[in-house]
Amino acid sequence: MGTSGSKGDVGGAALPGDGGMDGDEGSAGAVMGSWHGGAQLYVSLKMEKARIIGDLVPHVYGSEPIIGSWDPAHALAMERELASMWELSFVVPPDHETLDFKFLLKPKDAATPCIIEEGPTRLLTGGMLEGDVRLANFKLNGNDEVVEFRVFNKADIVSPLELAASWRVYKENFQPSMVRGIPDISINEAPAHATEDGSGSSLELDLEHYVVPTPTAPPTEYAANLAATPASLIQPGALWTNDMLLSDGIQSPRSGPADFQDHSDHNKAMPEAAGAVAAAAVADRLHGSKEDRKLAIVLVGLPARGKTFTAVKLTRYLRWLGHETKHFNVGKYRRLKHGANQSADFFRPDNQEGIEARNEVAALAMEDMIDWMHGGGQVGIFDATNSTSKRRQMLMKMAEGNCKIIFLETICNDRNIIERNVRLKIQQSPDYADQPDYEAGLQDFLERLTNYEKVYEPVEEGSYIKMIDMVKGEGGQLQVNNISGYLPGRIVFFLVNSHLAPRPILLTRHGESLHNVRGRVGGDTVLSEDGELYAKKLANFIEKRLKSEKTATIWTSTLQRTILTATPIVGFPKIQWRALDEINSGVCDGMTYEEIKKIMPEEYESRKKDKLRYRYPRGESYLDVIQRLEPVIIELERQRAPVVVISHQAVLRALYSYFADRPLREVPDMEMPLHTIIEIQMGVTGVEEKRYKLMD
Ligand SMILES: Nc1ncnc2c1ncn2[C@@H]1O[C@H](COP(=O)(O)OP(=O)(O)O)[C@@H](O)[C@H]1O
Ligand SMILES: O=P(O)(O)OC[C@H]1O[C@@](CO)(OP(=O)(O)O)[C@@H](O)[C@@H]1O
């Protein structure tokens, strides 16, 4: 019997039917109505299981070649219709050969054996199961556990007109993208055969074999996650230790210690990312009060509530969007002024000297921030506990006429999270870098915490955002009061969408394209042979690297070199993002750099002079690309499952610079080689990176 393929694939002619047959548990229908020429049956086989069955996928295998000729390895996967329902549907002639088959469960890991249902072979004739439609029972875990599925079978007589009409409707409603006839969202089911296709695309079992070093980035005067060096405390000839230069924040292992001064060139302050972001931000600045043009995000919260972590993350995001942003960490000022070994007594509420010392360094940091704003800075992230209303009043007074303040309070009520944070704090904070005895450090920090808790006053004044138990991203909440304007709105949107659940993000360019071989930019060419080999190796890599993950998604651009690179990947949904398309090279599309230099020397020189801001005629600049990638960054922050981004050189440079804290001016010249996977691990301790080069 020739099943005509999977659901929705309606082929063949049929007889005007007058009804269908229902066969669910315990009964077998009969063919209704009379037959003449071409009648077809639309047959549906379903299995239902309320409880999730892990990564086992229901399949059908049996006598016909399409369902494996009794080879479980070539069984036909059932499609998930609902969370607990799996279906295999097909169109057959009413007088088809009897189909012998059984259900089986197949693990995602091809090496693990299938589980075949208990009981005799099932027989399908005239589209219906013979005899009682029994449950499907499977013995798991060495027969220790029996799993039951309810089985349903249905066959409808379909007329030629119905078949044709349903095919037309199917085609109209499932418009494949203009690009390649591949739907914008598609998923290749795991093939019955093993993924090793013998084309040399197999990989070593140990993926560490492919790890390559991360290119050492040029020392950054000021990476987002290194709080500003306290200008007001710099004494001529001061000797700076590495510790003094490091903020309380999560240090990005890649960025070296900050130089003494922040050399960012205020005269040529980084422009807003081009496009809507800049337009709205500029409009706000032009029409807002002078004070509103400068923004201070003042953190509030007890120690180990994630203030610094949030400050670093927010700094990274705003700088990536082109807003001149700087992180001011008062803990750093305290250490510089009073040394890094204050005991908990320094923070006692009855220690007047300690209180004055802490307010003094907070005022120094605020002065530095206001000076920095006068020099061109736009958003200051003021990171301290700021735990009393009196302290906050002091800061608001200093801000008057200089900048607008928004308080950002981080509240965590989960004792387990707090205990974990405290452990991480003792391990990471410069306050305990010289404390060899972990327990002593822990005891001291807990005393410090108690001292703060005695005087802590939650924020009630001014404009504020409260992040309450937002850690796990479940059940937490964000409270917002008296917030308005473009930039504050974006900050709220970013905070709502970001979380701390660790998960990997894999970035890779497409396989080598024909234009890459010829040195041509842009275009929409297919892959070269090497590019096709990379696509297979990438699929292999993803299967190994993500096999322990419950799910993941594959993002490509709408250009065929990324879609074709993703094609061999199976088992994960693939989504085409227009925003991930390569930088639009406008009138230079399809040219080589040499041709551009020869035919349009002025364009070539302009781009060479300022590759970040330069916009191809009728094309894009890197700032334009960053602007259109902002929703991608927000979605990457929001995702909890792993994401594999298959995109392009310029786009990946822009995305990578966000995760790696690199200043925008470095973006256009970053190394972004072909056939290399950059794994970004985002989690509670910040952002880590690993690179795998699968082939040259
Ligand atoms: N929102 C959060 N939820 C859970 N853990 C966090 C959060 N923010 C930070 N952490 C972890 O807790 C530790 C302390 O965070 P940190 O930002 O230094 O706290 P604070 O600045 O409030 O003292 C850090 O090691 C960090 O990895
Ligand atoms: O900004 P530059 O360095 O030109 O890099 C962008 C160029 O990289 C290329 C390759 O030269 O990207 P892609 O990854 O799509 O192959 C061009 O298509 C694109 O114009």
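A residue is called buried when its relative accessible area is under 20%, exposed when over 50% and partly exposed in between, with a 1.4 Å probe and protein chains only. The views below show a predicted model, in which local features need pLDDT of at least 70 and side-chain atom pairs count only at pLDDT 80 or more, while totals for chains, interfaces and linings use all residues. Residues are numbered from 1 along each chain as its sequence is written, and side-chain values use heavy atoms, with hydrogens and water left out.

**View 1. Threonine 410 in strand β18 (residues 404–411).** Threonine 410 counts as buried because its relative accessibility is 5%. Its side chain reaches the backbone oxygen of arginine 305 at 3.1 Å, a polar contact being a pair of N or O atoms within 3.5 Å of which, within protein, one must be able to donate a hydrogen and the other to accept it, and for which residues adjacent in sequence count only if both atoms are side-chain atoms. Strands (E, at least two residues) and helices (H or I, at least four) are DSSP runs numbered from the N terminus. Leaving aside neighbours within four places in sequence, threonine 410 is in contact with Val300, Gly301, Arg305, Gly306, Lys307, Thr310 and Met467, where contact means heavy atoms within 4.5 Å.

**View 2. Serine 621 in the loop between α15 (601–609) and α16 (622–638).** With a relative accessibility of 1%, serine 621 counts as buried. A polar atom of the serine 621 side chain lies 3.2 Å from the backbone nitrogen of leucine 623. Beyond its neighbours within four places in sequence, serine 621 is in contact with Ile583, Leu612, Arg613, Tyr614 and Arg615.

**View 3. The packing of helix α4 (residues 307–320) and helix α10 (residues 486–497).** The two helices pack at an angle of about 125 degrees with their axes 11 Å apart, and α4 is therefore oblique to α10. Axes are lines fitted to C-alpha atoms, for helices over the stretch in contact, and angles run from 0 to 180 degrees between N-to-C directions; those under 35 degrees count as roughly parallel, over 145 as roughly antiparallel, 65 to 115 as roughly perpendicular and the rest as oblique. On the α4 side the contact is made by Thr310, Lys313, Leu314, Tyr317 and Leu318, and on the α10 side by Leu487, Arg490, Ile491, Phe494 and Leu495.

**View 4. Proline 107 in strand β7 (residues 99–107).** Proline 107 is buried, with a relative accessible area of 9%.

Technical notes:
Chains are lettered from A and ligands numbered from 1 in the order in which they are written.
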